[in-house]
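Me: Could you take a close look at one part of this model for me, the loop residue that carries the salt bridge, and then work outwards to what surrounds it? I would like the cut-offs spelled out as you go.

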Amino acid sequence: MLEKIKSIFKKKTYPCIIWDGKAMKYLDLNQKEIDDIKTNPKYKNWSVTINQE
C-alpha cells in the first residue's frame with residue numbers, strides 16, 4: 001500500500017546527458033526540467049540528450 005502511495009507522488013525521470021559548453025554531466029531529469037533547459041535563455045548554450053537505453 002505504501003508503495004502505491006509513493007508511486008503517485010514520484011515524478012518520472014529520464015537519464016540525460018547535459019552539455020553546458022564546458023563540462024558534461026549525467027543526470028536524471030523530469031520532463032519539466034528538460035523543457036526548461038531547452039527553452040530558457042539562461043541555458044542558451046546548453047544541450048540535453050535523453051539516454052534511450
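Reply: Let's begin with a term: a polar contact is a pair of N or O atoms within 3.5 Å, where within protein one must be able to donate a hydrogen and the other to accept it, and residues adjacent in sequence count only if both atoms are side-chain atoms. By that rule, the side chains of Asp20 and Lys25 are joined by a polar contact of 3.3 Å.

Before going further, a word on the ground rules. This is a predicted model, in which local features need pLDDT of at least 70 and side-chain atom pairs count only at pLDDT 80 or more, while totals for chains, interfaces and linings use all residues. Residues are numbered from 1 along each chain as its sequence is written, and side-chain values use heavy atoms, with hydrogens and water left out.

Now to the part you asked about. Asp20 sits in the loop between S1 and S2; helices (H or I, at least four residues) and strands (E, at least two) are DSSP runs, numbered from the N terminus. Lys25 and Asp20 also form a salt bridge through their side chains, at 3.3 Å from N to O, the term meaning a side-chain nitrogen of Lys or Arg within 4 Å of a carboxyl oxygen of Asp or Glu. The count by this rule is 1 salt bridge. Lys25 is partly exposed because its relative accessibility is 34%; the scale is buried under 20% relative accessible area, exposed over 50%, and partly exposed in between (1.4 Å probe, protein chains only).

The side chain of Asp20 also has a polar atom 2.8 Å from the backbone nitrogen of Ala23. Setting aside neighbours within four places in sequence, Asp20 is in contact (heavy atoms within 4.5 Å) with Lys25, Asn45 and Trp46. The C-alpha atoms of Asp20 and Tyr43 are 7.9 Å apart, across 23 residues of sequence.

Next comes Trp19, in strand S1. Beyond its neighbours within four places, Trp19 contacts Met24, Asn45, Trp46 and Ser47. Trp19 has a relative accessible area of 37%, so it counts as partly exposed. Together with Met24 and Tyr26, Trp19 makes a nonpolar surface patch of about 360 Å². Patches are made of residues with over 30% relative accessible area and no salt bridge, with like charges joined within 9 Å and nonpolar side chains (Val, Leu, Ile, Met, Phe, Trp, Tyr) within 5 Å. Tyr26 belongs to strand S2 (residues 24-30) and is exposed, at 61%.

Asn30, also found in strand S2, is buried, with a relative accessible area of 12%. A polar atom of the Asn30 side chain lies 3.1 Å from the backbone nitrogen of Lys32.

The largest nonpolar core has 7 residues: Cys16, Ile18, Leu29, Ile34, Ile37, Tyr43 and Val48. Strand S1 (13-19) and helix H2 (31-39) are the elements that give two or more residues to this core. Such a core is a set of buried Ala, Val, Leu, Ile, Met, Phe, Trp, Tyr and Cys residues joined through side-chain atoms within 4.5 Å. Ile37 touches Ile18, Leu29, Tyr43, Trp46 and Val48, not counting residues up to four places away in sequence. Along the sequence, the chain as a whole follows the pattern α-β-β-α-β.

Key: Areas by Shrake-Rupley, 256 points an atom, 1.4 Å probe, with all protein chains shown as cover.
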